[in-house]
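Please read the briefing below alongside the sequence and the coordinates.

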Amino acid sequence: MPDYDYVVIDGGGKERRGQLRAETTAEARATLAARKLFVVRLGEGRGSAGSSDTPGKAASLFSFKRSRLSGKELSLFTRQLSTLAQVSPLEEALRTIMRQSEKEHVRAIAGAVHSGIVEGRSLADAMSSEPRSFPGLYRAMISAGERSGSLPALTERLSNLLERQAAMRSKLMVALAYPSAIASFAVIVVISLMIFVVPLVVEQFDTLGQKLPLLTRIVMGLSSFLAHWWWALAILFILAGFGAWRAFQVESVRLRVDGALLRMPFIGRLLRDLHAARMARTLSTMIESRLPVMEGLALTVPTIHNRVLRKATNEIVESVRGGGSLSAAMRRANVFPPLLVYLAASGESAGQLDMMLERAAEYLEREFDAFTSAALSLLEPAIIIVMGAVVAAIILSILLPIMQLQSLTGI
């Protein structure tokens, strides 16, 4: 019974290497699939995978010291690889990318992948030397393209997927940048007024011997507290941040917090639509690349940060693995937009699941754009109004004693 060396990706998106004894390659692949492992490379050998584990670890340590590819850099790398692989051999395409890059760490990462190709390894296996730059989901899709002989077409679809995901992240950052800047500026202005301006003005009224208005006394108290105990507040915020970070390490706490976020009126819908659009587009690309739905779903799980959504996706994986349909599993999860569930069901019945999932992703992305535009149109005036109200209260606290003084003197 021969031994087979394998390189697989587990359900957590981590690469694993080892040996397996089986009668045939099909039996070895079936055994690994039964363990819920996605096969990246499988071949008969004499411990090559096991012996390469140490170099793999060394490469991982080396890549840890080296910067990883950012999302934008990975998208550009994939687009370049897609374009060059259509007109030149893979080894030449990687060499060209390595030469054209202006950033040292990108050249080093491309060079590591190029070296793996020169050694006779597959592209997905060569990319496994840089796991921080090429996630398990990415390598799995590359491996599927290599096995099906459609690597140039798959890298084209994969580059489109990465560019759309980058565009969604960019829209989210743009949507949050302006309100965050306004809110930060408002906080700085209010704190500056309370610490530096209010004490200088209001202390002039201490010699009057008259009882100051309630609003003035409140503002003076807050101003004195901020001026003398700002360091205590800073320590309190640091301790609160550290405590929140430690609490988030507890799975039950993180699950409750993520569930609360999904129930919030605006943020919850935003998170659900983003997750649903990303999942629909990723699955569409995988199905179009002939990657099994169950394996594709399992590999998307580590990319989901919200614990409630991750748990729901895990339940979908188990349901599909048990023979259920994707749309029925989505419906039972009860966290996905109804349109996505309906289009998935229509795609399954018509045998065009990839096309229907892509249409669902496009619709959800348009909804996301419309929703963020509407939310911003309400959020920005709300921040300005709140800031104006706080500043007005501070100014009024200064004007009230002046008006009281004028009434007492008869001026």
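What follows covers a pocket, a helix and some aromatic contacts in a predicted model.

**Second largest pocket**

- The second largest pocket has a volume of about 390 Å³, and its lining is made up of 14 residues, with Leu 176, Phe 266, Ile 267, Ala 375 and Leu 379 lying nearest its centre.
- Two or more lining residues come from each of α9 (151-202), α12 (267-288) and α17 (353-409), and α17 gives the most, with six residues.
- By class, this lining holds twelve nonpolar and two polar residues, and no charged ones.

**Helix α15**

- Helix α15, which spans residues 326-333, is mostly covered, since six of its eight residues are buried, namely Leu 326, Ser 327, Ala 328, Ala 329, Met 330 and Ala 333.

**Aromatic contacts**

- The structure holds four aromatic pairs, among them the tilted pair of Phe 134 and Tyr 138, whose centres are 5.6 Å apart with 40 degrees between the planes.
- Phe 242 and Trp 245 form another tilted pair, at 5.9 Å centre to centre and 35 degrees between the planes; they are separated by about one helical turn because they are three residues apart in helix α10 (residues 214-248).
- Phe 242 is partly exposed, with a relative accessible area of 47%.
- The charged end of Arg 254 sits over the ring of Phe 248, at 5.5 Å from the ring centre.

Note on methods. Residues numbered from 1 in each chain as written. Predicted model: local features only at pLDDT ≥ 70, side-chain atom pairs only at ≥ 80, totals over all residues. Heavy atoms only, no water. Buried < 20%, exposed > 50% of the residue type's maximum accessible area, 1.4 Å probe, protein only. Helix = DSSP H or I, 4+ residues; strand = E, 2+ residues; numbered from the N terminus. 1 Å grid on protein atoms, 1.4 Å probe; cavity = no way out; pocket = protein on both sides within 12 Å on 5 of 7 lines; lining within 4 Å. Points joined across faces, edges and corners; volume = space filled by probe spheres on them. Nonpolar A, V, L, I, M, F, W, Y, C, P; charged D, E, K, R; others polar. Phe/Tyr/Trp six-rings, centres within 6.5 Å; stacked < 30°, edge-to-face > 60°. Lys NZ or Arg CZ within 6 Å of the ring centre and 35° of its normal.
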